Amino acid sequence: MHIIESPEAMARWRSSVRGDIGFVPTMGALHEGHMSLVEASRTSHPCTVVSVFVNPTQFGPNEDFHKYPRPVEIDEAMCLSRGVDALYRPNVETMYPPGFQTFVEPGAMAARWCGASRPGHFRGVCSVVLKLLNQVSPQSIYLGEKDAQQLRVIRRMVSDLNVPVQVTGCPIAREKDGLAMSSRNRYLSPSQRIGADALFRGLIAAKDACHEGCRHAADLEAGFRNLLAREGGWECEYAAVVDDDSLEPINLVESKALFIVAARRGTTRLIDNMMISGPDSAPMAGD
Ligand code: AMP
């Protein structure tokens with residue numbers, strides 16, 4: 001496995017690669033969710049590149065940039081054992097050298113949901129992803145459905161700016177109890193971890209209710225908020241039924257929709273989502 005630590009070294013390595021590249025951008029603290037993206041890339045490309053970069057420009061001033069986990073050696077071993085061809089881990093100084101001042105400004109889709117509580121977050125995400133795409137120059141980029149808004153905002157950027165890459169969204173990898181895998185799950189104390197699957201249970205309850213004919217977004221959203229309130233120890237940031245492509249809110253589920261949620265458990269912010277559908281729509285994957 002090649003370990004590449006600067007844009008210059010990436011340019012040198014990239015010019016020596018002939019075949020297709022699949023690219024998995026991450027912030028490290030790798031888990032099986034990240035590895036499912038690696039697997040997806042490896043089945044379609046002879047060469048898979050994983051980047052590990054904790055990107056400062058996507059964190060707000062009071063967020064967890066400094067405490068974000070950075071288990072460098074464990075990440076490296078995990079990539080090696082899963083057949084990653086190149087691990088790209090540039091440092092902040094080489095990604096944002098003195099004088100850096102150019103950013104990608106995403107549109108309305110980035111302003112709501114996570115964008116509302118994290119101003120500037122998707123501007124930072126889009127900017128770093130475009131930089132990484134320019135550096136790695138892959139045929140495909142693999143992103144998780146776990147970060148549903150991020151996936152759609154990046155799809156939009158790739159389309160709007162004619163970035164020559166195929167975007168592939170991969171299903172959410174979950175712990176045994178249903179909690180979506182996330183590097184931030186390690187912030188949960190053992191007592192907070194118990195019951196952290198309430199987000200998943202709330203989404204399943206909404207999916208079941210919708211399937212049984214409860215199509216009003218307001219009722220589904222209230223059901224979810226009530227479940228978290230009953231469980232206790234949660235502060236719900238948003239629970240919304242939205243259009244799967246545009247992420248615009250939906251009042252009534254006609255056929256299918258995306259249920260997106262964000263909530264805090266103590267100081268840990270968790271997000272999750274699930275497709276839901278009404279009684280007469282065709283079964284969805286995973287049904
Ligand atoms: P992160 O390191 O959290 O920035 O995530 C890097 C990539 O892995 C993003 O495309 C995420 O959506 C994806 N990812 C993170 N957690 C999961 C998960 N549980 N299942 C699938 N993909 C995930």
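**From a surface patch to the ligand shell**

Ile3 has its place in strand E1, which covers residues 2-4, in what is a predicted model. This residue is partly exposed, because its relative accessible area of 35% falls between the cut-offs of under 20% for buried and over 50% for exposed. Together with Met1 and Leu80, Ile3 forms a nonpolar patch on the surface, and the accessible area of these residues together is about 250 Å².

The ligand is surrounded by 16 residues, and the closest of them are Met27, His34, Asp147, Ala173 and Met181. By class, the shell around the ligand is made up of eight nonpolar, six polar and two charged residues.

An oxygen atom of the ligand lies 2.6 Å from an N or O atom in the side chain of Asp147, whereas for Met27 it is a backbone N or O atom that lies 2.9 Å from an oxygen atom of the ligand. At Ala173 a polar backbone atom is again involved, and this atom is 2.8 Å from a nitrogen atom of the ligand. Taken alone, the ligand exposes 480 Å², of which the protein buries 94%.

Which elements give two or more residues to the shell around the ligand? They are strand E2 (21-26), helix H2 (32-44) and strand E5 (140-144), and the largest share of the shell, three residues, comes from H2.

Key
Residues numbered from 1 in each chain as written. Predicted model: local features only at pLDDT ≥ 70, side-chain atom pairs only at ≥ 80, totals over all residues. Heavy atoms only, no water. Near = heavy atom within 4 Å. Polar contact = N/O pair within 3.5 Å; in protein donor to acceptor, adjacent residues only side chain to side chain. Areas by Shrake-Rupley, 256 points an atom, 1.4 Å probe, with all protein chains shown as cover. Helix = DSSP H or I, 4+ residues; strand = E, 2+ residues; numbered from the N terminus. Nonpolar A, V, L, I, M, F, W, Y, C, P; charged D, E, K, R; others polar. Patch = residues over 30% accessible without salt bridge, like charges linked within 9 Å, V, L, I, M, F, W, Y side chains within 5 Å. Salt bridge = Lys/Arg side-chain N within 4 Å of Asp/Glu carboxyl O. Buried < 20%, exposed > 50% of the residue type's maximum accessible area, 1.4 Å probe, protein only.
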